[in-house]
Amino acid sequence: MHETTVPDTGTFSPLQIPRLVSGLLNQHARGRIQVNQGPAERLVWFEDGRIMAITSSLEDEKLGSWLVARGQLDRRTVDDTLRFKSRQ
């Protein structure tokens, strides 16, 4: 099996990211990659070759906004939930 070597830092073209992630999944990787694109920061956590979590600094890419845009939740429910969670 061909191993994907991930440098500590580097610049990737948009087409290289899917290949990098695929290689990490195939290797049962564990860890995190950080992808910065302009003001956006995205983090992808891996464990045993599975993606465990993905976060984004862009509001449109956050789960609450995604659900509102698709009509699954209304904005007030998302805002109320976030307020409740921050008090815990």
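Does His28 count as buried, partly exposed or exposed, and at what relative accessibility? At 51% relative accessibility, His28 counts as exposed, where buried means under 20% relative accessible area, exposed over 50% and partly exposed in between, computed with a 1.4 Å probe and protein chains only. The structure is a predicted model, in which local features need pLDDT of at least 70 and side-chain atom pairs count only at pLDDT 80 or more, while totals for chains, interfaces and linings use all residues. Residues are numbered from 1 along each chain as its sequence is written, and side-chain values use heavy atoms, with hydrogens and water left out.

The protein has three helices and three strands, taken as DSSP runs numbered from the N terminus, with at least four residues of type H or I for a helix and at least two of type E for a strand. Read from the N terminus, these elements follow the order α-β-β-β-α-α. The protein is more spread out than a compact globule, because its radius of gyration is 16 Å, well over the 12 Å that the globule rule gives for 88 residues; this radius is taken over C-alpha atoms, and the rule is 2.2 Å times the number of residues to the power 0.38. The C-alpha trace spans about 50 × 30 × 25 Å along its principal axes, and 19% of the 88 residues count as buried. Of the contacts with a separation of 6 or more, 13% are accounted for by residues 24 or more positions apart, a contact being heavy atoms within 4.5 Å.

Most residues other than glycine have a negative phi. His28, however, which lies in the loop between helix H1 (16-26) and strand S1 (31-37), has a positive phi of about 55° although it is not a glycine. Asp48, in the loop between strand S2 (40-47) and strand S3 (50-56), likewise has a positive phi, near 50°, and with a relative accessibility of 48% Asp48 counts as partly exposed.

Once neighbours within four places in sequence are left aside, the residues in contact with Arg42 include Ile33, Val35, Thr55, Ser56 and Leu58.

Thr55 and Ser56 carry the picture into strand S3, where both Thr55 and Ser56 are found. Not counting residues up to four places away in sequence, Thr55 touches Glu41, Arg42, Leu43 and Trp45. Ser56, by contrast, counts as buried at 14% relative accessibility. The side chain of Ser56 makes a polar contact of 2.6 Å with the side chain of Glu61 and also reaches the backbone nitrogen of Leu58 at 3.1 Å.

Terms used
Polar contact = N/O pair within 3.5 Å; in protein donor to acceptor, adjacent residues only side chain to side chain.
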